[in-house]
4 protein chains.
Amino acid sequence: MKTLSTVGLMTSGGDSPGMNPCIRAVVRTALANNLRVMGIHGGFEGLIQGNFQLLGARDVGGILQHGGTILQTARCEEFTTQHGRMKALRQMNSAGMEAVFVIGGDGSLRGAHALASEGVPVVGIPASIDNDIYATDMCIGVDTALNTIVDAIDKLRDTATSHNRAFLVETMGRECGYLAQRAGIICGAEMALIPEKTTTPEQVAEAVENAYVRGKRHCIIVVAEGFTPHAAEMAEKISKMEIGFDTRVTILGHVQRGGRPTAFDRMLSTRFGVHAVEFLLEGKSDIMTALDGRDIVEVPLETVISNKRSISEEYFRIATMLAR
Amino acid sequence: MKTLSTVGLMTSGGDSPGMNPCIRAVVRTALANNLRVMGIHGGFEGLIQGNFQLLGARDVGGILQHGGTILQTARCEEFTTQHGRMKALRQMNSAGMEAVFVIGGDGSLRGAHALASEGVPVVGIPASIDNDIYATDMCIGVDTALNTIVDAIDKLRDTATSHNRAFLVETMGRECGYLAQRAGIICGAEMALIPEKTTTPEQVAEAVENAYVRGKRHCIIVVAEGFTPHAAEMAEKISKMEIGFDTRVTILGHVQRGGRPTAFDRMLSTRFGVHAVEFLLEGKSDIMTALDGRDIVEVPLETVISNKRSISEEYFRIATMLAR
Amino acid sequence: MKTLSTVGLMTSGGDSPGMNPCIRAVVRTALANNLRVMGIHGGFEGLIQGNFQLLGARDVGGILQHGGTILQTARCEEFTTQHGRMKALRQMNSAGMEAVFVIGGDGSLRGAHALASEGVPVVGIPASIDNDIYATDMCIGVDTALNTIVDAIDKLRDTATSHNRAFLVETMGRECGYLAQRAGIICGAEMALIPEKTTTPEQVAEAVENAYVRGKRHCIIVVAEGFTPHAAEMAEKISKMEIGFDTRVTILGHVQRGGRPTAFDRMLSTRFGVHAVEFLLEGKSDIMTALDGRDIVEVPLETVISNKRSISEEYFRIATMLAR
Amino acid sequence: MKTLSTVGLMTSGGDSPGMNPCIRAVVRTALANNLRVMGIHGGFEGLIQGNFQLLGARDVGGILQHGGTILQTARCEEFTTQHGRMKALRQMNSAGMEAVFVIGGDGSLRGAHALASEGVPVVGIPASIDNDIYATDMCIGVDTALNTIVDAIDKLRDTATSHNRAFLVETMGRECGYLAQRAGIICGAEMALIPEKTTTPEQVAEAVENAYVRGKRHCIIVVAEGFTPHAAEMAEKISKMEIGFDTRVTILGHVQRGGRPTAFDRMLSTRFGVHAVEFLLEGKSDIMTALDGRDIVEVPLETVISNKRSISEEYFRIATMLAR
């Protein structure tokens with residue numbers, strides 16, 4: 001690889017808390033290595049439109065503690081077409097942009113791989129509160145989202161206990177049960193309903209009734225958004241059975257995407273940003289930064305997008321043991 | 001009034017953050033005045049069932065910072081009947097309970113008045129996150145709920161800004177627009193939709209489009225749960241018009257009822273509790289404690305339940321002026 | 001008063017959370033009334049230096065939720081001299097600035113009064129976490145600071161309880177005991193030591209020992225920074241007496257000045273800002289906006305700076321009654 | 001090892017957030033495996049005094065979200081003597097306690113090893129906000145403490161920026177610089193002063209001045225409590241040099257020990273608790289549970305107490321690169 005001088009940086013897909021500290025880390029590490037960084041506004045759409053802006057050290061000052069992304073983000077259909085990608089390449093050439101960092105989720109990493117396939121040096125950085133990306137222990141935003149969920153369920157427990165109620169709480173996560181399962185364990189839920197595991201209304205009703213009989217003053221069921229039937233429908237089904245508790249449904253919604261990033265997310269996104277630049281400088285491309293235990297490693301984007309993350313057996317075991 | 005020796009204390013209706021500090025204040029003030037306090041579990045239902053427990057100074061230690069209510073709460077149909085009230089009086093007599101403090105919302109204060117009409121000394125304390133009770137500036141729980149809403153909308157703004165989105169956020173409040181209107185002002189919303197004021201979908205769409213045209217990167221509309229049409233329906237209507245932004249809906253739900261009480265709610269509920277006991281000792285009954293400016297005053301329950309709170313013109317004016 | 005066209009706006013003295021929402025409210029209300037607003041950077045020092053910047057509606061967007069002040073602040077000796085004030089007047093004339101809004105504490109309001117004495121239309125807005133300003137129930141920042149203190153003491157109580165410890169916690173407040181006294185009541189402290197009331201080490205030791213004997217697992221004493229002896233010295237004195245608990249000291253410090261403003265502070269500062277502009281437009285000057293119960297009123301600056309706020313007896317009574 | 005029937009459980013040393021979820025996990029996992037669990041109150045002191053209490057599933061309900069430890073904790077000199085340990089063994093025999101779980105820091109794990117050396121099956125669980133224990137990536141409480149520090153520094157930054165100030169912020173950590181270094185990186189500090197690395201007042205002053213010259217509006221230096229000279233002394237030294245900023249010192253103190261455990265700490269402590277019981281049931285003893293990347297593993301207590309944790313080079317590099 002020839003010596004790079006100008007690199008592009010975008011956030012893409014759904015936003016997640018920690019994107020801003022990651023932007024800061026990429027920019028400052030790049031500057032420390034004598035690269036110029038152009039911020040690409042609005043994801044792949046911005047790449048196609050040439051919506052670029054030079055970023056200096058001061059431009060990324062004071063953003064460490066903010067949710068969202070100063071580069072804004074979007075989903076972009078046009079980039080999935082050859083025509084769209086050609087327009088993007090033309091914009092890059094015209095701006096002298098020689099490589100691109102893509103911070104985003106599953107779809108965005110597919111876009112990153114497609115861009116790399118056109119011969120552009122590309123490093124992806126996994127950001128998604130859903131934690132549904134293969135090959136990395138954690139994505140940017142997951143820890144913040146989980147803490148937001150924990151705060152909300154701690155509040156719901158106050159009111160549930162005062163009223164002897166059962167709450168079905170729907171978390172985000174798309175097709176992935178990670179958030180719901182972890183939240184279930186650390187919030188002391190009776191049960192977590194996740195797409196990766198079938199649970200019938202009868203089983204849910206039994207768990208709720210069990211809690212009632214054991215003298216619990218509340219009952220929390222966490223439901224992943226990808227689970228079928230949805231929380232509201234499940235609540236309707238079980239409230240017709242004999243469960244003891246009165247039932248309510250809460251859908252946590254988009255608040256899970258926002259908020260000041262936690263300590264963990266600031267550190268993870270900072271490390272991802274630093275290593276992404278260093279990987280690129282080592283001549284690596286078409287890869288994603290990943291958390292592997294303690295370490296930040298690189299994984300081929302091809303591997304990332306052709307595999308599906310699974311849920312560790314350990315957590316099923318823990319969930320069952322502790323919900324008593 | 002003869003010298004009292006045993007008084008009862010209940011929380012009733014929907015729970016709200018600050019009920020626990022209020023319980024603590026009533027109990028400790030009563031003890032300081034040589035009264036015995038019996039906690040009544042589960043509101044008027046507990047009064048009918050004789051579900052009583054003597055409360056000492058230590059029983060209310062360590063509850064100041066917790067949401068919900070250690071006495072639990074419920075709504076109770078039976079107490080609205082003469083028969084129900086007779087059962088309650090019988091339980092009170094049998095336990096030597098000579099007066100009752102009722103911490104709760106509109107319906108609970110009606111119950112308190114009905115109990116007073118049977119000749120029982122009763123003092124009501126207004127607790128409702130909706131702030132829909134006449135004659136008191138604030139009820140227990142309103143400030144905490146408002147801060148919970150502010151936190152949530154601050155998070156939504158992060159993600160709204162990243163995506164150029166408009167959010168319709170539904171708050172609690174039943175028939176009262178207080179929470180939605182205040183949240184609208186202090187969260188920088190474009191508009192708040194409240195039951196006390198008609199707003200058409202066309203007007204909403206215009207406000208959203210205006211924000212778009214002025215170059216705002218997000219748009220927040222706060223919708224009271226008592227507003228018609230509901231947030232989801234409104235979102236559907238306006239997203240068919242020309243508004244610039246993509247639209248999402250979030251229903252904040254029961255998290256608004258929970259959480260550690262704020263400084264304001266701890267102080268208000270503490271003052272209400274102290275004064276409620278003092279009013280009773282002064283021979284007052286069939287009244288409610290109320291915040292009137294800086295002062296805690298008493299208001300006849302009759303007045304409270306036969307009037308409807310209105311919304312001050314000042315806030316409409318402020319809201320319009322600042323949403324630009 | 002002739003028709004105004006350009007007004008200045010500064011924040012001065014110690015910063016407090018809510019200054020930003022107040023800036024936003026002043027600017028947008030002024031714009032709605034066809035006034036131009038010049039932001040003065042760095043308080044009276046900025047006025048002397050002519051450090052001005054025109055503020056539009058978008059310049060104050062997205063600041064509602066941030067602590068601190070975008071106009072920065074400072075204390076300024078030079079403005080207390082006639083020479084300094086003349087330099088300020090010259091800068092104002094040169095920029096066409098016809099009136100000034102001063103958001104700040106006691107010293108800043110003295111400066112505002114001095115400026116008004118030179119014939120400049122001036123409206124002061126009370127901002128100080130200490131709540132030590134006469135004639136207003138609350139200043140901007142007090143509610144946020146109190147909630148920060150409450151959060152900190154709730155955390156200290158966790159560790160105090162685990163270790164059977166007594167903590168002396170020093171709050172801010174300069175010569176005013178407001179924060180310490182209120183925090184004492186709403187955090188369930190055994191005692192609050194404030195400058196307005198003499199308390200001997202022997203009395204403190206007795207209160208701590210009492211808590212120990214009654215079986216409490218922790219003991220919290222809140223100490224105002226203006227109290228003598230200071231928290232550390234007091235801790236040393238009492239730990240030599242027989243008090244049962246092991247003792248620790250925590251000085252909360254400048255964290256009390258920062259943080260996202262609470263719902264209450266956002267509303268108070270917004271109302272202050274709106275009314276300040278309206279008072280000026282009504283031709284009023286040399287006044288301060290004040291919270292009087294539910295209402296925002298004006299008070300002559302002369303009255304504000306020549307009186308000292310006192311602490312209501314009610315709170316002493318409540319504190320004594322509940323600490324058991 | 002013979003079949004166990006009764007096990008003891010204590011928290012010892014300084015408390016840390018997450019001890020309660022860990023207690024809950026140990027108790028419920030033990031019950032699920034037909035073990036009886038006796039809670040030992042007040043650490044090794046409680047073991048010597050025989051201060052035991054049987055713990056059922058309901059006794060550990062509702063503690064997941066609370067800081068501190070329901071079993072209380074203490075440091076205990078007597079247990080370091082042979083005589084003290086003999087008294088403890090006698091109490092254990094008398095209560096039929098056959099094994100002990102010790103949740104605590106460095107000193108407590110030494111106690112655990114000493115107990116194991118007497119032939120008692122013992123499993124240690126690392127809990128210390130300082131993260132100064134060898135062989136585990138993280139201890140219980142570190143993530144919560146780090147988030148508390150981040151919240152505090154985010155608040156300090158508000159006021160620092162408003163006043164153009166430099167703050168020296170002292171964190172806990174005893175002889176370990178972990179908290180200070182990580183906080184420095186994720187709070188955007190100019191520098192972190194840690195015991196593991198010599199930094200002169202001249203170097204600090206240079207970093208502060210650099211920030212001033214580059215146009216930064218604030219400067220944060222994080223100082224570990226084990227660093228010499230202490231924060232206050234360092235502030236005094238550098239404020240005599242040419243640094244541009246006015247300087248303030250804040251000592252965060254014991255608030256860092258308290259607070260609701262974060263999502264991460266709830267999960268870590270839950271996993272430690274579950275695995276601790278399972279390791280014991282597999283016949284393992286004189287070990288500690290440890291986080292090794294993604295996995296919970298066992299490490300001999302001997303190894304733990306005879307090694308000192310070091311700080312990874314990666315973080316020094318990141319810190320230097322990003323503070324610009």
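**View 1. Where chain B meets chain C.** This contact draws 33 residues from chain B and 33 residues from chain C (two residues are in contact if their C-beta atoms, placed from the backbone, lie within 7 Å). Everything here comes from a predicted model, where local features need pLDDT of at least 70 and side-chain atom pairs count only at pLDDT 80 or more, while totals for chains, interfaces and linings use all residues. As for labels, residues are numbered from 1 along each chain as its sequence is written, and chains are lettered from A and ligands numbered from 1 in the order in which they are written. On the chain B side, at least two residues each come from helix 1 (19-32), helix 5 (142-163), helix 6 (178-186), helix 9 (263-281) and helix 11 (313-322); helices (H or I, at least four residues) and strands (E, at least two) are DSSP runs, numbered from the N terminus. Sorted by class, the side of chain B that touches chain C has 15 nonpolar, 8 polar and 10 charged residues. For that sorting, Ala, Val, Leu, Ile, Met, Phe, Trp, Tyr, Cys and Pro count as nonpolar, Asp, Glu, Lys and Arg as charged, and the others, Gly among them, as polar.

View 2. Turn chain B by 180 degrees, shift it 0.0 Å along the axis, and it lands on chain C with an RMSD of 0.0 Å. That's the relation of a two-fold axis. In chain B, G293(B) has the C-alpha nearest the axis, 1.8 Å from it. The copies meet through the same surface, because 100% of the interface residues of chain B are also interface residues in chain C.

View 3. Look for R324(B) in the segment after helix 11 of chain B. Is R324(B) buried, exposed or partly exposed? It has 15 C-beta neighbours inside 10 Å, so R324(B) counts as partly exposed; buried takes 20 or more other C-beta atoms within 10 Å of a residue's own, exposed takes 12 or fewer, partly exposed is in between, and C-beta atoms are placed from the backbone. Setting aside neighbours within four places in sequence, R324(B) is in contact with R28(C) and A57(C).

View 4. Chain D superposes on chain C by a rotation of 180 degrees with 0.0 Å of shift along its axis, RMSD 0.0 Å. Again the same surface serves both copies, with 100% of the contact residues of chain D recurring in chain C.

**View 5. Helix 1 against helix 9 in chain C.** Helix 1 (residues 19-32) and helix 9 (residues 263-281) of chain C pack at about 35 degrees, their axes 7 Å apart. Axes are lines fitted to C-alpha atoms, for helices over the stretch in contact, and angles run from 0 to 180 degrees between N-to-C directions. Helix 1 of chain C contributes P21(C), C22(C), A25(C), V26(C), T29(C) and A30(C), which meet residues of helix 9 including F272(C), G273(C) and V277(C). By class, this contact has 9 nonpolar, 4 polar and 1 charged residues.

**View 6. Strand 5 of chain B, wrapped up.** Strand 5 (residues 122-126) of chain B is largely enclosed by the rest of the structure, because 5 of its 5 residues are buried. V122(B), G124(B) and P126(B) sit on one side, V123(B) and I125(B) on the other. Strand 4 (residues 99-104) of chain B runs parallel to strand 5 of chain B, joined by 5 bridges (strands pair if DSSP finds at least two bridges between them). I103(B) stands opposite I125(B).

**View 7. An open sheet in chain A.** Four strands line up in the order 7-8-6-9, with parallel pairing. Strand 7 (191-193) and strand 9 (246-251) of chain A are the edges, each pairing on one side only.

Terms used
Copies are superposed by least squares on the C-alpha atoms of residues with pLDDT of at least 70 in both.
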